Amino acid sequence: MKHSLVRTLAALAGSAILTLGAIGSAKAFTFDETDINQDRVIVIAQPRPFGGYQLLIVEQVSDTRKCWSESGSDPVKVDPLLVTFDFTGICGRATDSNGFSIRMAGTDLALKYTLTLESVDGNVLLIGTPVDYQGKSVIIGRTNGDVNEFMKITLDPAWRLSKRAYQGRTLGHFYFTTNQPAPEEIGNTGGNTEVMPQPIPQPIPQPIPIPIPQPIPQEIPQEIPIP
């Protein structure tokens, strides 16, 4: 099983497809979005060989062959079938920031938020974090368990997947989309958008002062008077 997992990880990493040019190009264009069938796309937590998880999106483009299969619950395990055949024209896939980003209240936030997977209390959370660390992070989805295998990420109710569009043409880039505004713009979570809890700062313990030992005063001998 371990060797099979390593081969699967290598296959996914070795054939990464860039669905759009450098993310900096978003500065020059205004992108729209288009809705997609949520049943034909899956968000996956892909285990890394040396720990942690990588975000992976797989889309069923045609019905020639299945691109993935699911089993179990809490968490749902995923078998990425697309690595067993030439999936060109059958399956779509996105593996990095060139292939997916966040869109909130109609605003493309590709240059403001990064997407990460973090293990928290036996769960793997999909989190959007401001790149400048000035705003609040938001939780987008979760695996509902952690088995160190390919797992399905269930998006929270306020979120869905859509695709980037430009001048009426649908692009390959995926959006994690919500109708709620970004927390940094309104100062709160905007309804169902859950904010990532921030750690409470703890006081820094101060060392207990150690008293410096003082010399014990000695009695000064008196002269014996001479009669």
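Asp108 is partly exposed, with a relative accessible area of 23% (buried means under 20%, exposed over 50% and partly exposed in between, using a 1.4 Å probe and protein chains only). Bear in mind that this is a predicted model, where local features need pLDDT of at least 70 and side-chain atom pairs count only at pLDDT 80 or more, while totals for chains, interfaces and linings use all residues. Residues are numbered from 1 along each chain as its sequence is written, and side-chain values use heavy atoms, with hydrogens and water left out.

**Salt bridges**

- The structure has eight salt bridges (a side-chain nitrogen of Lys or Arg within 4 Å of a carboxyl oxygen of Asp or Glu); three of them are picked out below.
- Asp108 pairs up with Arg164 in one of these, at 2.8 Å from N to O. Asp108 sits in strand β8 (residues 107-108) and Arg164 in strand β14 (residues 159-166), so this bridge ties together parts of the chain that are 56 residues apart in sequence. Strands here are DSSP E runs of at least two residues, and helices are H or I runs of at least four, numbered from the N terminus.
- Asp156 is buried, at 9% relative accessible area.
- Asp63 meets Arg40 in a salt bridge at 3.1 Å, N to O. Here it's loop to loop: Asp63 is between β3 (53-60) and β4 (69-71), and Arg40 is between β1 (32-35) and β2 (41-47), so the pair ties together parts 23 residues apart in sequence.
- Asp63 is out in the open, exposed with a relative accessible area of 63%, while Arg40 is partly exposed at 26%.

**Around Thr129**

- Thr129 belongs to strand β10 (residues 123-130), and it's buried, with 13% relative accessible area.
- Which side chain makes a polar contact with the side chain of Thr129? That would be Ser137, at 3.4 Å (a polar contact is a pair of N or O atoms within 3.5 Å; within protein, one must be able to donate a hydrogen and the other to accept it, and residues adjacent in sequence count only if both atoms are side-chain atoms).
- Skip the neighbours within four places in sequence, and Thr129 is in contact with Lys112, Tyr113, Thr114, Thr116 and Ser137 (contact means heavy atoms within 4.5 Å).

- Most residues other than glycine have a negative phi, and most peptide bonds are trans.
- Asp74 and Pro75 are joined by a cis peptide bond, with omega at about 5 degrees. Pro75 falls in the loop between β4 and β5 (77-79).
- Ala105 isn't a glycine, yet its phi is positive, near 55 degrees. You'll find Ala105 in the loop between β7 (100-104) and β8, partly exposed at 39% relative accessibility.
- Asn148 has a positive phi too, near 55 degrees. This residue lies in the loop between β11 and β12 (151-152), and at a relative accessible area of 46%, Asn148 is partly exposed.
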